[in-house]
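Student: I've got a model open and I'd like to learn how to read its features. Could you walk me through it?

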Amino acid sequence: MSEKYRDRVTRGDIMLKRNSNNAVELVIGSIRPADQGIYRCTTPSTDSVFYGNYNAVVEVKVIADGLTVTGSKARSASAMNLSEGDSFQLRCSASTNSSEHTHLHVSWEFKNDLMWQEILSLTHEGKFQPGPDYNERYISGYVRLDAMANDIYRLSVSQALPSDEGAYRCRVSEWVKDADGSWQKIQEKSVNVANVVVQPTALGVFITRTNVSVTERDSLDLTCNFTTDRSGIFQAEVTWYYSESPDGPMDDAQILLSADRDSVISDSTLISLSLVDRSSYHLLVRDMSIEDSGYYFCQAALWVPQYNGSWHKVAERTSVPVTVEVTPLEPNYHVFLNASKRPKYSEDPTELECRITEAQNAEANVRYTVSWYYRLPLRSDEVVKDELLATMDADWTLVVGERSKQRAQNGEIIFSKPAMDTFRLRIQWTSEADKGEYYCIISSWSRQRNNSWIKIKDVASMPVSILWSTQGRNFALSHFKSCDENC
């Protein structure tokens, strides 16, 4: 080994590398101008006859390093904050002052994980070459590389995606064309240009009202508004929901109406959705019923167009639910209880009529039912006990209480409804056990859109006392007997 190269071989700057059984490579790590010259590779022959060449020569020409690569005027690898959908540009400068006729190959590369990947290159043959993951965006014009004045190579990216967040560098290689027409890369340099951060789109969604009270049969109107920091082209999609619970899962919520990106609204007879302006959507629910009480909220999503003509959702938010209480449209009425027949003696009939009077705001969707009660008069220091005699369900089904069940089955007590505003209770043979106070309660019911009935009001009558004198009956019987004997 020549002393001239001993130190470089010891350091590993010059080494021999066997590639196969019949191929060896001489590697010079950092070439110097003094390394220029003719190199000979020789292999000894042990054959008695020569079958070919046993040595070869190659001329190595060392070209001065004239390649310069720099990033933008800002500091190296500067931070760039973008909003999703924004456009951005990066610049690098590449030039060479080589005395040889060389060509530059400029590549823009991106890394958001571990591996650098090619975005777009201008090759040493003057051709544009997109990376595998950027071919569609390049064809659509959303990724461009422009060779500008003063040796500037500009990368332009339109409508940044979240996946565009990461590090960007400019890699430049210098190539020379050999006499046989083949290309040889002689050196390569790179510079980190920027770290791009793609901020998510800010979106706020809110309803202008909080707690809302609506009278039954009236309309509910709510407005869904959204605010965003986005500018440029985007489309909004808004959906209104109803839920019985303020914090229930979205899957359990009922979709009322929605407006898609093209502002096509799925309308219905009782519910409508209208576009007030680009960021406001008005919901109108007509003919509210008690069952519509609950929680209303809206969800807005923003979409931006993509390079391939599709749409990409950049943000989605849901408003805080608004509490809506539907108060019943109560009819105004009074209840009057009258004893149309009072017993004078035991075993006489008793008949009570419970009537609705001065009814107002009574609609066709309102129905009345009655409940009958008995109260045994007690001393002032005793607790009054009310007993249910009978009550009606919303469908006018009569449910008889324990006190009167057996006698009603025997026909001794009759409950009837002789008119729309009148309910009657008749005791065929009044006994001592029937003495006491009686009162009725008239309940009003409202029919909902699903044909169910909801009780909206109870009005009770004043009590009526059913009493008679037992002594008067005994006197009449004994007086009748004495007259009979005298006659």
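Student: Which residues make a nonpolar surface patch here?

Tutor: Keep in mind that this is a predicted model. The patch is built from Leu16, Val24 and Leu26, and its area is about 310 Å². Leu16 belongs to strand E1, residues 14-20.

Student: Is Leu16 buried or exposed?

Tutor: Exposed, because its relative accessibility is 66% and the cut-off for that label is over 50%.

Student: And pockets, how do I read those?

Tutor: Rolling a probe the size of a water molecule over the atoms shows where empty space is left. In this model the largest pocket holds about 1,200 Å³ of space.

Student: Which residues lie nearest the centre of the largest pocket?

Tutor: Look for Ile31, Glu59, Val60, Lys61 and Gln184, out of a lining of 33 residues. At least two lining residues come from each of strands E2 (23-28), E3 (37-42), E4 (55-60), E13 (166-177) and E14 (183-199). Sorted by class, the lining has 19 nonpolar, nine charged and five polar residues.

Student: What about backbone angles? Which residue has a positive phi although it is not a glycine?

Tutor: Arg217 is one of them, with a phi of about 80 degrees. Arg217 sits in the loop between strand E16 (211-215) and strand E17 (220-228). Glu347, not a glycine either, also has a positive phi of about 80 degrees, and you'll find Glu347 in the loop that joins strand E25 (332-341) to strand E26 (350-360).

Student: How many salt bridges does a search of the whole structure find?

Tutor: The search turns up 26. To be counted, a side-chain nitrogen of Lys or Arg must be within 4 Å of a carboxyl oxygen of Asp or Glu. Arg6 and Glu3 pass at 3.2 Å, N to O. Both are in helix H1 (residues 3-11), three residues apart, about one turn of the helix. Glu3 counts as exposed, at 59% relative accessibility, while Arg6 is partly exposed at 35%.

Methods. Residues numbered from 1 in each chain as written. Predicted model: local features only at pLDDT ≥ 70, side-chain atom pairs only at ≥ 80, totals over all residues. Heavy atoms only, no water. Patch = residues over 30% accessible without salt bridge, like charges linked within 9 Å, V, L, I, M, F, W, Y side chains within 5 Å. Areas by Shrake-Rupley, 256 points an atom, 1.4 Å probe, with all protein chains shown as cover. Helix = DSSP H or I, 4+ residues; strand = E, 2+ residues; numbered from the N terminus. Buried < 20%, exposed > 50% of the residue type's maximum accessible area, 1.4 Å probe, protein only. 1 Å grid on protein atoms, 1.4 Å probe; cavity = no way out; pocket = protein on both sides within 12 Å on 5 of 7 lines; lining within 4 Å. Points joined across faces, edges and corners; volume = space filled by probe spheres on them. Nonpolar A, V, L, I, M, F, W, Y, C, P; charged D, E, K, R; others polar.
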